[in-house]
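Subject: Structure handover

Hello,

Here is the structure for your files. My notes follow below it.

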Amino acid sequence: MYDHSEADDCAEELRAALAEHGITLPSLRVDLPTFAARYPTRPLISLGNCNLLTARTLVAALRKGAA
């Protein structure tokens, strides 16, 4: 099994990194069904839904980082 705090820390690190680029994903969180699974799987981070403006901002940040 995986440590819940590791998954929470990862989600918070991702939230902070996105915020540095002006991006907020309000529903970003640890995916509880995968974390609570009976099988030893890695927990998923749920990015959730976002509007078009947020999606375009995310695309621009990723492209800028790749350049």
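Is Lys 64 buried or exposed? Lys 64 is exposed, at a relative accessible area of 67%. The cut-offs are these: buried is under 20% relative accessible area, exposed is over 50%, and partly exposed lies in between, with a 1.4 Å probe and protein chains only.

Some ground rules. This is a predicted model, where local features need pLDDT of at least 70, side-chain atom pairs count only at pLDDT 80 or more, and totals for chains, interfaces and linings use all residues. Residues are numbered from 1 along each chain as its sequence is written, and side-chain values use heavy atoms, with hydrogens and water left out.

Lys 64 sits in helix α3, which covers residues 52-66. Helices here are DSSP runs of H or I with at least four residues, strands are runs of E with at least two, and both are numbered from the N terminus. From Lys 64 to Ala 19 the C-alpha separation is 15 Å, across 45 residues of chain. Glu 20 belongs to the loop between α1 and β1 (29-30). Glu 20 is exposed too, with a relative accessible area of 68%.

The search of the whole structure gave one salt bridge. The criterion is a side-chain nitrogen of Lys or Arg within 4 Å of a carboxyl oxygen of Asp or Glu. The partners are Glu 12 and Arg 15, with their closest N and O atoms 3.3 Å apart. Why can these two pair up along the helix? Glu 12 and Arg 15 are three residues apart in helix α1, so about one helical turn separates them. Glu 12 is partly exposed at 44% relative accessible area. Arg 15 is partly exposed as well, at 30%.

There is also a negative surface patch, made of Glu 6, Asp 8, Asp 9 and Glu 13. Patch members need over 30% relative accessible area and no salt bridge; like charges are joined within 9 Å, and nonpolar side chains (Val, Leu, Ile, Met, Phe, Trp, Tyr) within 5 Å. Asp and Glu count as negative, Lys and Arg as positive; His and the chain ends are left out. Glu 6 lies in helix α1, residues 4-19. Glu 6 is exposed, with a relative accessible area of 52%.

Cysteines

How many disulfides does the structure hold? The number is zero. A disulfide would need a pair of cysteine sulfur atoms within 2.5 Å. The closest cysteine sulfur to that of Cys 10 is in Cys 50, 18 Å away, so the gap is too far for a bond. Cys 10 is partly exposed, at 39% relative accessibility. Cys 50 is partly exposed at 37%.

Ile 45 is in strand β2, residues 45-46. Ile 45 is partly exposed, with a relative accessible area of 26%.

Best regards

Terms used
Areas by Shrake-Rupley, 256 points an atom, 1.4 Å probe, with all protein chains shown as cover. Charge placed at Lys NZ, Arg CZ, Asp CG, Glu CD.
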